[in-house]
Amino acid sequence: MAAVFETEAKWAMAVKLFELKRLSSGMAAMLVGVDRVTFLLKLADYGVPMIDLPDAELMSDIENA
């Protein structure tokens, strides 16, 4: 039971630090012991977007693609 709690706590902390832009996705993934893609895919379970750009920056990126 304690191991499950520890795992969930690590995930919650890593996701929150990523959301606050305190950790990169790669660093957050290392914190929980998974690869970056797995971490990014798991963000949906926490309601956190993979990409959080302001609308103007997103439109600029689309126009320059």
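Which residues make up the largest nonpolar core?

1. Basis. This is a predicted model, in which local features need pLDDT of at least 70, side-chain atom pairs count only at pLDDT 80 or more, and totals for chains, interfaces and linings use all residues. Residues are numbered from 1 along each chain as its sequence is written, and side-chain values use heavy atoms, with hydrogens and water left out.

2. The core. Twelve residues make up the largest nonpolar core: W11, A14, V15, F18, L23, A28, A29, V32, F39, L40, L43 and V48. Such a core is a set of buried Ala, Val, Leu, Ile, Met, Phe, Trp, Tyr and Cys residues joined through side-chain atoms within 4.5 Å. Buried means under 20% relative accessible area, exposed over 50%, and partly exposed in between (1.4 Å probe, protein chains only). Helices α1, α2 (25-32) and α3 each supply at least two residues of this core. The most come from α1, which gives four. Helices are DSSP runs of H or I, at least four residues, numbered from the N terminus. In soluble globular proteins, nonpolar side chains tend to be buried together.

3. Aromatic pairs. Rings of Phe, Tyr and Trp (its six-membered ring) pair if their centres lie within 6.5 Å; planes under 30 degrees apart count as stacked, over 60 as edge-to-face and the rest as tilted. The count is two aromatic pairs. W11 and F39 are stacked, because their ring centres are 5.7 Å apart and their planes are at 10°. This pair links distant parts of the chain: W11 sits in helix α1 (residues 2-19) and F39 in helix α3 (residues 36-42), 28 residues apart.

4. Burial of that pair. W11 is buried, at 9% relative accessible area. F39 is buried too, at 0%.

5. The second pair. F18 and F39 are edge-to-face, with 5.7 Å from centre to centre and 80° between the planes. F18 lies in α1 and F39 in α3, so this pair ties together parts 21 residues apart in sequence. Both F18 and F39 are buried.

6. A charge on the ring. K42 lies over the face of W11, 5.6 Å from the ring centre. The rule asks for NZ of Lys or CZ of Arg within 6 Å of the ring centre and within 35 degrees of the ring normal.

7. V48. Leaving aside residues up to four places away in sequence, V48 touches V15, F18, E19 and L43. Contact means heavy atoms within 4.5 Å.

8. D52. This residue is found in the loop between α3 and α4 (55-63). D52 is partly exposed, at 49% relative accessibility. D52 and L41 are eleven residues apart in sequence and 14 Å apart in space, C-alpha to C-alpha.
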